[in-house]
Amino acid sequence: MIKQTIRLLLIEDETFDVRRVEKTLHPFKDKIQISDVVADGESALKRLRQSPNQFDVIVMDFQISGSLMGENLIREIKRIDPTYQIIVMTKLTINSTDFDFANRLLEAGAMWYCTKYPGDIIDSIYQPTDFILSIYNAYEKRRLEKQRLKTTQKLQKNIEDRLEAKPLIGQSPYIKQLMDLIAQVAQTDTSVLIEGASGTGKELVANHIHYQSPRKYEEFVPVNCGSLPENLIESELFGYQKGAFTGATQDKKGLFEVAHKGTIFLDEIAEIPPKTQATLLRVLQEGEIDKIGRSQKIQVDVRIIAATNMDLKKAIRDGLFREDLYYRLNVVPIRILSLKERRDDIPLLVDHFLLLTSQEMNRPKPSIQKQAMDQLIQYEWPGNIRELQNVIQRLLFFAKSGITEQDVQLALGVQGGEMAQDHEHSNSFWSSTNMLPWREMERELRRAYFEFVRSQSKSDAEAARKLGFAPPNYHRICKELGLK
Ligand SMILES: Nc1ncnc2c1ncn2[C@@H]1O[C@H](COP(=O)(O)OP(=O)(O)OP(=O)(O)O)[C@@H](O)[C@H]1O
Ligand SMILES: [Mg+2]
């Protein structure tokens, strides 16, 4: 039940019809009020612009004097505020069974249209209950549209915040091209395969594709294929029905179902075992998933972005990756260059991470000497942007207000795992002025060693192997150490 009085703007140039509208509404004057009457289109727009909150519903005569009337007027009103609801009244002379006419009105943005009674009926303009109901409906529709608009605006703001919090930094022609490609591919549903070395920004690019796409209000589901144990991967991806096997005490939604209407990000796709590769290929071909223990397939609408830091072509040659799956995934290939191949981005990235990290640490952003920057530009960056980010964090941890060449050398030295012998001067982990509690130090050492091994490995799986960890444990520890 609508509690508030509904306020109308009446656009009508014939006094006789204004009076008929008033008479029709009179019995409902507590509920519906004519807030203002104008005789032409221009005055109507002026009133709506002047007092945007004065009117809830607009009732307009189709044919009025002046040049602005009919569908054009409807469009102009909608341009001021798309939530305005407009009820159009027409003369009986207009053929009331003219479907095209009604359609044109609705297309222009009218909410309802009615035919005025003939002139000899002087007490009402139109069947009163229909008239009242259309006004009520218009009011309710506007309320809902306003609500929806608010929610969408909030979601939109959320997404903008998200992209702003994780910007894609760079000024090289390559990065500009990459941004254009992201914008372009975001508008489609095609599968994307992102290839790039460890830490080059594959996940970041996948994120940008999703949040710039029409799917942005739905889920972005990242899946690290390398960290899922082989026997669980299918149930993680596709889910299972209660009772499908011992231990399946409840239905489980697979990640593909979670990503329905959104995007799934299959990271480290090369790590998918052969059997699952076959299943995945079927899902891509048919758009349906086979939930374990369920006889009917489930339709899913999921956009797929896959990523790898391995040479998939080589994996195909070695018989480790299915060629047909590769072509399905690789509709749009995106190759992310290593940092050393686009050194002109380094200064901007350094600046970005210096600002970001100092904000996180609640301290002023230190300046950086030219030689120090030059050194960062010249470095090889085997761990790419992730390594750069870690180096900057380390620099901020130890450096004073201005970062010197020596600071950089120390930070990079530790990064490469080359522990210096002269603890007092050349080891940035500890010195007489910098003694960390053991727990923190232990973490630093672990992190440095993990980073070193990662920088010397082609994939996470390889790094895990070298470190002697099962992939899930390896990924967990990386997360704990802030490496992921
Ligand atoms: N162009 C960029 N601008 C700003 N930050 C970036 C950029 N590229 C990557 N980063 C940041 O670097 C870090 C590593 O990026 P991301 O995780 O996307 O890389 P990745 O290629 O998926 O790495 P891995 O192979 O290790 O999984 C993240 O913190 C990311 O936000
Ligand atoms: Mg990644």
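Start by selecting domain 2 and domain 3 of this predicted model: 20 residues of domain 2 are in contact with 20 residues of domain 3. On the domain 2 side of that contact, the residues divide by class into seven nonpolar, 11 polar and two charged.

For orientation, colour the chain by domain. Domain 1 covers 6-149, domain 2 covers 166-337 and domain 3 covers 340-480. A distance drawn between the C-alpha centres of domain 2 and domain 3 comes to 30 Å.

Next, select ligand 1 and the residues around it. The shell has 16 residues, and the closest are Ile169, Gly201, Lys202, Glu203 and Leu204. Two elements give two or more residues to this shell: helix 7 (202-211) and helix 15 (384-398). Sorted by class, the shell around ligand 1 holds four nonpolar, eight polar and four charged residues.

Now move along to a helix pair. Select helix 13 (residues 346-360) and helix 14 (residues 370-378), whose axes come within 9 Å and cross at roughly 115°. Helix 13 is therefore roughly perpendicular to helix 14. The crossing of the two helices is right-handed.

Last, show the side chains where these helices meet. Helix 13 brings Ile346, Pro347 and Val350, and helix 14 brings Met373, Leu376 and Ile377. By class, the contact of helix 13 with helix 14 consists of six nonpolar residues, with no polar and no charged ones.

Technical notes
Residues are numbered from 1 along each chain as its sequence is written. Chains are lettered from A and ligands numbered from 1 in the order in which they are written. This is a predicted model: local features need pLDDT of at least 70, side-chain atom pairs count only at pLDDT 80 or more; totals for chains, interfaces and linings use all residues. A residue is near a molecule or strand if its C-beta atom, placed from the backbone, lies within 6 Å of it. Helices (H or I, at least four residues) and strands (E, at least two) are DSSP runs, numbered from the N terminus. Ala, Val, Leu, Ile, Met, Phe, Trp, Tyr, Cys and Pro count as nonpolar, Asp, Glu, Lys and Arg as charged, and the others, Gly among them, as polar. Domain bounds come from an automatic or database domain assignment. Two residues are in contact if their C-beta atoms, placed from the backbone, lie within 7 Å. Axes are lines fitted to C-alpha atoms, for helices over the stretch in contact, and angles run from 0 to 180 degrees between N-to-C directions. Angles under 35 degrees count as roughly parallel, over 145 as roughly antiparallel, 65 to 115 as roughly perpendicular and the rest as oblique. A crossing is left-handed if the near helix is turned anticlockwise from the far one by less than a right angle, and right-handed if clockwise.
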